[in-house]
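Visitor: Could you walk me through this one, feature by feature? I'd like to learn how to read it as we go.

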Amino acid sequence: MKILVLNCGSSSVKFQLIETSLELIEQRADRLIAKGSVEKIGSSHAIVTFDVPGRERHRETPEILEHRVAIERVARLLCDPEHGVIGDPKEIDGVGHRVVHGGEKFANSTLINDRVLHEMKECIELAPLHNPANIRGYTVARQIFPDIPHVAVFDTAFHQTMPPHSYLYALPRVIHRRHGVRRYGFHGTSHRYCAYRIEKITGVDREELRIITAHLGNGCSACAIDHGKSLDTTMGFTPLEGLIMGTRSGDIDPAAVLHVIAKEELRLSEANTLLNKHSGLLGISGISNDMRELQTAAAKGNEDAQLAIDMFCYRLKKYIGAYAAAMGGVDHLVFTGGIGENSALIRERSVDGLAFMGLEIDPARNADPEARGERQISTATSRAKIWVIPTDEELVIARDTVRCIVGVIPPPPA
Amino acid sequence: MRLRSIGVVGAGTMGQGIVQTAAVNGIDVVFKEISREHLETARRAIETALDREIDRWAITPSEKKAHLSRITGTESYDDLRHTDVIIEAVEDLWDRKSEVIHDLDLIIPDERVIVTTSSTLSVSELARETRRPDKIIGMHFLRPVPKRALVEVVRGFHTSDDTYAVARRFAEALGKTAVEIHEYPGFVTTRVILPLLAEAMQTVMEGVATVEDVDRAMKLGFDFPAGPFQIADQMGLDDVLNSMEHLFQELGDPKFRPPAILRRLVRAGHLGVKTRQGFFSYNEFGEKTGGAIGGDVK
């Protein structure tokens, strides 16, 4: 099947066309046909890029004022006689939509019907920056591709298996009931994919495994996957909690935030930006939110950059320890995401000293400059295995779309 | 229809505030001033305001760059022709505003809405200067524009429902809440706040309490975010005086009669936050730096 994967932001649409099916998933033979993006929607010079493996990148800068025009453009590009990859939009068998927040309503991917759409809209309150664009993308795509199934894949769904003792905050219970304030967790598709790959690579059923996954990218989160289910994850009610990130603080005493708001006379929006955009690696180093730049600066003796790296690794190490405790041990630790896949230094520093709990990294394997793709980086004798697994969220969305279409994932109630 | 671009005529404090707010909310802005120097001054002021936002953690340096990229200055009305809504923010004097509205009417395509920011002049009378009275509407912003969540959308006698809908959408695009006002001197905010300011000044003049204590009492007693004297300083004491005189004249009600203390400060050139000295003294960012003026101005 040819599945179009759409990831709609407030001013962008990212897309991939992926050939996949149950058989191809089993054989890991699913294939990227084309991918691209439309950026700066709403301006007279939007940026459209279109990549087909083996071909030169196609780029255009037309006026694109809204998502409808953007997705129509995507459809036209896919079928374009010169640049396209299919002859007719009817060749597309389904559309998979990334939806950031599924609240407490969605524990799995789902075919979208009117009822599902209604429930997606009810989650807007929880993700006011993301869900509206995701929903807008769906509404428009449904008009452009009216006769094929559309599937929603939620960032939060995988974590819906968390038990109350890990997802509740110790606030008066009424706050949860009234406002839905609890841990939801994000990056669910990525954590799930990593756990799935470990199961496939090791041939051990996930029901037997205790896995810790560390998705370290622009946003960072770790997840304790106990016997195949998300038991706990570092991101919380919003993607701000937990690990230190490029510009996000991660964990902080909420009273410290209240104190700063009072002392600096901040508005809520300013405090929000302080925590989400001025903090994290950028805030500590004062240089950059980019781990590569920090590593370069630290190597040249910049102490602030070094401190940012130290804090980043220390916070992650604490969570690895905590999650091992929560699961009664750990069998596999996975690094993924831009930093997780590419920074040997961060991987090494984050597990440094964890041999006592069975995590021994092999410095040579870890730092092998030639190594690419999925690989084990623990020593031969390490009781728990350490892995690098490049994540592929679009592939997960395409695969879930197929599973929903063929009924492996049951359809939603009408 | 989504609002993509606006034209702003006049980039004084009010105009700058509107330009900045629009750009920050992702709207392209073309603003017109009378000379290169005026354009440059306004642009620098907006940059300073955005730098201040960075200092307050409200935006990032890259966001500042993106916001500034949406702002274009011009000396020609022609460059406003292609914007979705035109808003004039020149001095609140009949001759200035009526001239600008008249000129815009000749140049701007007939179907476009023209907004006036006047807080004292009549929208209906300004509309009579044009061939499109149904497309003229008032929007009364409060200062500082980027910080105040309210805009009073003022319907003149001829203003159509469609025009009102455009203005309301414009307000929402700026991230503001609109309240609908049927034209009458002082609208809601000015009419209700002025007697309070006048009474506060009268209270000090009668020696009942100090400026600081009146502000403190109203802040703590009624949860005002700022006391009446600080509010007056933020509004601009010359503007407060003008508004009081205007409403006194229009409505004939003595509760709008300007107190002597206000006249004295204005004559001395102490106009509040914008001159860094009013009832209180301020730094360049409009933050209070010193205590209140002493009793000698009584």
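Guide: Let's start with a sheet in chain A: eight strands in the order 5-4-3-2-1-6-8-7, open, with mixed pairing. Strands here are DSSP runs of E with at least two residues, helices are runs of H or I with at least four, and both are numbered from the N terminus. Two strands pair if DSSP finds at least two bridges between them.

Visitor: Which strands are the edge strands of chain A?

Guide: Strand 5 (58-60) and strand 7 (110-111) of chain A, since each pairs on one side only. Before we go on, keep in mind that this is a predicted model, where local features need pLDDT of at least 70, side-chain atom pairs count only at pLDDT 80 or more, and totals for chains, interfaces and linings use all residues. Residues are numbered from 1 along each chain as its sequence is written, while chains are lettered from A and ligands numbered from 1 in the order in which they are written.

Visitor: How many bridges join strand 1 to strand 2 of chain A?

Guide: Seven, with strand 1 (residues 2-8) and strand 2 (residues 13-19) of chain A running antiparallel. In that pairing, A:Asn7 sits opposite A:Lys14 of strand 2.

Visitor: What does helix 4 of chain A touch?

Guide: Contact means that C-beta atoms, placed from the backbone, lie within 7 Å. Helix 4 (residues 131-144) of chain A packs on the sheet and touches strand 1, strand 2, strand 6 (94-99) and strand 8 (150-154). Its direction makes about 170° with that of strand 6 of chain A; axes are lines fitted to C-alpha atoms, for helices over the stretch in contact, and angles run from 0 to 180 degrees between N-to-C directions.

Visitor: And chain A as a whole?

Guide: Its secondary structure comes to 16 helices and 14 strands. For 414 residues a compact globule would come out near 22 Å, and chain A agrees because it has 22 Å.

Terms used. Rg over C-alpha atoms; globule rule 2.2 N^0.38 Å. Contact = placed C-beta atoms within 7 Å.
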